[in-house]
Structure formats: C-alpha cells, structure tokens
Amino acid sequence: MATRVVIGTQWGDEGKGKYIDMLARTSDVVVRFSGGNNAGHTIVVNGEKYALHLIPSGILHEGKTCIIGNGVVVDPAVLLDEMKQLNERGISTERLFVSDRAHVIMPYHRVLDELQEKFRGKDSIGTTKRGIGPCYCDKADRSGIRMCDLVDEEVFIAKTRDNLKIKNLLIEKVYGGQRLDEEQIISEYLEYGRKLKKYVTDVNAVIFDAIEQDKEILFEGAQATLLDLDFGTYPFVTSSNPIAGGVCVGAGIGPVYINEVYGVLKAYTSRVGAGPFPTEQDNEIGDKIRELGWEYGTTTGRPRRCGWLDLVMIRYAARINGLTGLAINHVDTIGKLPKVKLCVAYKKDGQEITSFPCSLKELAKCEPVYEEFDGWDTDISNVRNYNDLPDNAKKYLKRIEELVGVKIKMIGVGKDREQTIIV
Ligand code: GDP
Ligand code: IMO
Ligand code: MG
C-alpha cells in the first residue's frame, strides 16, 4: 500500500492538478480532502484542456474511484454541472463518491461571502465569492447542513427553514442585502439532493477498505500552505486546512497511513487575491512572468500577482507538511527571463532571518535577500530527461534543492501532463 499526498506550497495554482492527474495513473483511489469550488485545477491532455473545481482530477482516468471527502464543502449545483460537463466529453462519473459528512454550500453562503467582502471594503480578502468561508463558519458554528441532510427531505427542509430565519436577518438587517426565498431554495436543493443521492455515502469506509486492501491512494490538495487557516498569511487565507495534516481530518484517516507528501511549487510565485507577498514584482518583471506563464485565475479569471520564488516560504511549507519530495512547475516559463532571482532569506530590522513570520506587521518589514541566476532562454518544453536540461536550469534547481533540503522529484516544462521530467 502507498498513500501519497499532493499539496501546494505557495498561495495556490502551483499546478497541482497536472501532477494529480499524472499520479492518478498509478493510483486506485483519488480523494479531495479540503476546500471547495474555490479551487481551479487545470489539466491538459493531448492539447485538450480540462478545468476542475470540485471533482478530483483523477476522474480523467477510467476506472479510478474518486472521492470528495468530509473536509470538502460542496456546492451541489456546481458538482452536478461539473459532472454533466465531464459526461458530455465522454468521461464517466460513475466511480465518484461524496462524503455524507461533507457540508453543503447554500445560497446564503454565497450571498454572505459577497456582502462580507463588500463590507470589508479596502480590507477585503479577495475571496472567490463561492461561499466557502461562510460555509466553514456554519460548520464550526454547528448550524451547517451536510450531504446526509441534503438527501433527506424532512431533515433538509427543517434545517433550511431554521437557518434562513437568521441568515435572512443578517442579509437584510445587517448588510442591507435582499432576503432569500425559502420555498425556492428548498425546491431547488431537494432536486439536487435527489440527483446526488446515489453518490452520497460513508466514503470513510471506502477509503479504509482501500487501505486494508493495500490499494494506492492519492490525496488531492487544493489551495495551499500559505492559504491555510492556521499556517497561512492570516487573515488573507481560505477557511480550511489544505496542508498535509488536513488529510487526516478531511478524509478521516490516521497519520500513520500517509507515506509520501509531494509539495508542488512554481519556479516563481503567484498569488490571486489580497494579502502580503514579499517577493512580488508589481512592475514589468511581474507583468512579463504573468504573460509568459499565462497567470490568470482558473476559477475567477483574475490576473494573478507574480514575483520571484521565495524559499523562506518553501522551507516553511516543507516543515509544516513534512514534504518528502518537491514537484516544480513552469521551469520552461521562468528560464525565458534573462536573469532569474531566488529569495533565500529575509532581512528584517537589519538582521537576516530564514523563518516565516506570523505577524503581518512583521512580514511587511521583511526585505527579500536574493541570489541571481542567468536564464536559460532555450525551448525546454520537449525535454524529458534531467540531463538534457540547460546547465543554467540545473544550477537553479540544485540551489532550490540545497536550500529547501528536499529532493526535486518532478519538473514541469509545459502545461501538458506529458511535459514532465521525472527525476
Ligand atoms: P492548481 O490549482 O495548482 O492545479 O494550478 P492551476 O491549474 O490553477 O494553475 C497552473 C497553471 O499553470 C495552469 O494554467 C497549468 O496549465 C499551467 N502549468 C502547470 N505546469 C506548467 C508548466 O510546467 N509549464 C507551463 N508553461 N505551464 C504549466
Ligand atoms: P487552487 O486549488 C489560488 C484564495 C482566494 C482568496 C483566499 C480566500 O486552484 O490552488 P476563499 O474563496 O477560499 O474564501 O478565498 O484564497 N484562493 C485561492 N487562490 N488558488 C486556489 O485554489 C485558491 N482557493 C482560494 O483568491 O485570496
Ligand atoms: Mg488553481
């Protein structure tokens, strides 16, 4: 048996989907354990593009069991739509299971996400407005509605009526929004429940059976370490725990069952949404990286903020997640710049530090300390062997490995899942 976890080491969009799809080939079960449809995972197969938000990226491989775990928040309309779109492209969703314990994103979660962001004004987080935060709030508040409730008409109606009493007051009286129609929500969601019923089950039992049968299980991370509710750049984070530890809670397995943890990173850094970003290049360099790497959000289409690779962050991510390997993407992209910078430490109050500060006030004082490398302006998108990479690229990658202390196991040289060097 081998269980592997793939997680993001930066602020998301590192290219996790591509590796998950690749590793799914040799897996029996693929499990999402956190987040919701705030995620956007792009997979390119033979030039054809797929953008998945909720369904595990393993779905593109026939016969693999795909699981949405209890730690995920599920927008049923999005789930059904994603299933439909896959079916229309000839991909079966018959091997998909959704945890009965996963929480349901309700219309008032989406509305409140929007209203709260508006209320925050200049301090807004820049959420995806998919209702993720408000849904996790209700989970912690113990007023949430779970998938097992959605498929039980009586329970669903009672819980929705209860919730709407307070949610409509909040929407109308606190935020000045428009109250939601109870009957419409109930009839719409009961229909979703009927359609999804056969997929909703105790997935924890399915996962544990797979463990007992020595099957290969892949846990698909969404979001990333610096967006983690506990370890990210709080409050500019998401509302779940996308780190490797989130697997135990979000899928219901003991830590002893995790064998490998792969951390995905880009050869530079990107961030979508607000919050600190020490190596950001809000200038021509950032614009160039954005254009070369086509850094526009898969979920919201927003231009991503771009900057140099920050190894203070990656070292921190290696520690928090217990990384056993690195997978680095966009090595083709960054090499097109004549000079490539690598942040190896921060300078704060006249001193060099190598740890990632918790306080945003302290983080704001940090100046990146850079090492500079020559680019490798040759087309490497067809390289499949490490030895065939240009020397300048190898120097850059070696230095990353050295400073993070974790081996690079996969190198991305293009969008397609085949454009990968296995080291
Ligand atoms: P995820 O959310 O971590 O799965 O990543 P996204 O799909 O949101 O963003 C990654 C983007 O980079 C997508 O557009 C991918 O197609 C693209 N991509 C991934 N790896 C590579 C790579 O090695 N080279 C290039 N040029 N593009 C890549
Ligand atoms: P993948 O899986 C990049 C960011 C949002 C915002 C913050 C909070 O594709 O890497 P939320 O809607 O979660 O309450 O927003 O988190 N965010 C992501 N950024 N990639 C993601 O997912 C993200 N999921 C959430 O932009 O800054
Ligand atoms: Mg993404």
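**Exercise 1. Find out how ligand 2 is held in this predicted model, starting from T238.**

Step 1: Go to the side chain of T238, where an N or O atom sits 2.6 Å from an oxygen atom of ligand 2. The model is a predicted one.

Step 2: Now look for other partners. V272 uses its backbone: an N or O atom there is 3.0 Å from a ligand 2 oxygen. R302 uses its side chain instead, with an N or O atom 3.0 Å from an oxygen of ligand 2.

Step 3: Check how much of the ligand is covered. On its own, ligand 2 exposes 540 Å², and the protein buries 98% of that.

Step 4: Widen the view. There are 20 residues around ligand 2, and D13, K16, H41, T128 and T238 come nearest.

**Exercise 2. Work out what the contact between domain 2 and domain 3 is made of.**

Step 1: Get your bearings. Domain 2 covers 103–196 and domain 3 covers 265–422 in the domain assignment. Their centres, taken over C-alpha atoms, are 37 Å apart.

Step 2: Count who touches whom: six residues of domain 2 contact five of domain 3.

Step 3: Turn to area. About 340 Å² is buried between these two domains, with carbon and sulfur atoms giving 44% of it. On the domain 2 side, G126, T128 and R130 lose the most area, together 72% of what that side buries.

Step 4: Look for polar links. You'll find zero salt bridges between domain 2 and domain 3, but three residue pairs in polar contact.

Notes. Residues numbered from 1 in each chain as written. Chains lettered and ligands numbered in written order. Predicted model: local features only at pLDDT ≥ 70, side-chain atom pairs only at ≥ 80, totals over all residues. Heavy atoms only, no water. Domains from an automatic or database assignment. Contact = heavy atoms within 4.5 Å. Buried area = accessible area lost by both parts, 1.4 Å probe. Salt bridge = Lys/Arg side-chain N within 4 Å of Asp/Glu carboxyl O. Polar contact = N/O pair within 3.5 Å; in protein donor to acceptor, adjacent residues only side chain to side chain. Near = heavy atom within 4 Å. Areas by Shrake-Rupley, 256 points an atom, 1.4 Å probe, with all protein chains shown as cover.
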